[in-house]
Amino acid sequence: MDAPPTSSARRKVARISTAGKAIEPSPDAVLIRRTLTEIGPVADKVTSYFYALVFTGHPELRAMFPVAMDVQRDRLLKALLTAAEHIDDPDTLVPYLRRLGTGHRKYGTLPQHYPAVGEALINALTRYAEHSWGPEAEAAWVRAYTSISQIMIDAAAEDELKSPPWWQAEVVSHDLRTPDIAVLTVRPDQPYPFLAGQYASLETPWWPRVWRHYSFASAPRPDGLLSFHVKAVPAGWVSNALVRHARPGDVLRLGPPAGSMVVDHSTDNGMLCLAGGTGIAPIKALIEDVAEHGERRPVEVFFGARSDSDLYDKDTLLGLQRSHPWLSVRPVVGDGLAGQLPQAVGEHGPWNSYDAFISGPPAMIRSGVDALKRIGIPGERIRHDALEELAGVAG
């Protein structure tokens, strides 16, 4: 996963060591969580004040953000607060921050920008955490932010030695599969390394500095082309631009690849794949990846949509099934994907020896994870993109 677990899950992990003994959180972590608890009910006010401080104190930073701040108004602050909450869990925190640090290169973030953001963060907390704030809490937050920012700065510096901050990618085909779903194929201006099952952030020329996440719809190809499945959603700036306006010759920008929903080729476990809507894109990439590695492990795919017409890639999947005897594809049609797909999976099996992969709307992923655990698949063998990232996939 690409984001730390929720606070409730994190606390359960923090208090139990590998030896089964309780572990108390660090003093800084206690102070930080008290602050987070207090500002929770007024998070919107904290966010607005935080950005006001950033932009009035350092107006040169405004150009790094979208013109309409409502699109990603709380992302930066939310990431910082999430990181601070996990300050005493380096195994979770460091990989998360390294991904943030490398990903922020596409916004033009430089080391000298971090102090301005940290100053705004501390001042916003000072104003809204009246009861839990004091010299000790402030010192804990300063230590936490110093550590957080340094990890991000170091990760960005390392990444700069081997990768650009973004890739230019020319649209070479635009296939409208349904009135609201398009398959876009693009050609990056230089090699773009990624793994099947990962995703990339994407920016269009119509909405500068507004980035959305889309999964790769194929495994890496010899010709270097990349494909994405995009569904236009109401008020979705990027998705509507890609579906309704993008044409061959248009140039998009790609951020670095991310995501850990990838095939473990060191095992021959069967693969159980649940996909809702355009969530079939990374599942299709995983199927291709297994085929290219010459593996014959069983791959069971449940592909759900609200109507048969929305099963826009069904023919491709059934073609793959005819070519690969180890692959089974089961379309599932009906409203309420969050319940339909897990129910269909439960009617087959057993699945306790399978690795599970889930891709689709956040509600479907949540219900799918719960259902898979109920039928015996351990949580560590269930893979999906981070729900925090999925919040920005469809816009």
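The model is predicted, so local features need pLDDT of at least 70 and side-chain atom pairs count only at pLDDT 80 or more, while totals for chains, interfaces and linings use all residues. Residues are numbered from 1 along each chain as its sequence is written, and side-chain values use heavy atoms, with hydrogens and water left out.

Glu203 lies in strand E3, residues 199–203 (strands are DSSP runs of E with at least two residues, helices runs of H or I with at least four, numbered from the N terminus). Glu203 is buried, with a relative accessible area of 6% (buried means under 20%, exposed over 50%, partly exposed in between, with a 1.4 Å probe and protein chains only). Leaving aside neighbours within four places in sequence, Glu203 is in contact (heavy atoms within 4.5 Å) with Pro208, Arg209, Val210, Trp211, Leu252 and Arg253. The table gives two distances from its side chain.

| Partner of the Glu203 side chain | Distance |
|---|---|
| Arg253, side chain (polar contact) | 2.6 Å |

A polar contact is a pair of N or O atoms within 3.5 Å; within protein, one must be able to donate a hydrogen and the other to accept it, and residues adjacent in sequence count only if both atoms are side-chain atoms.

In H3 (residues 43–57), Val46, Thr47, Phe50 and Tyr51 meet Arg75, Leu76, Leu77 and Leu80 in H4.

Thr82 lies in helix H4, residues 75–85, and is partly exposed, with a relative accessible area of 22%. Thr82 and Tyr96 are 14 residues apart in sequence and 10.0 Å apart in space, C-alpha to C-alpha.

Note on methods. Axes are lines fitted to C-alpha atoms, for helices over the stretch in contact, and angles run from 0 to 180 degrees between N-to-C directions.
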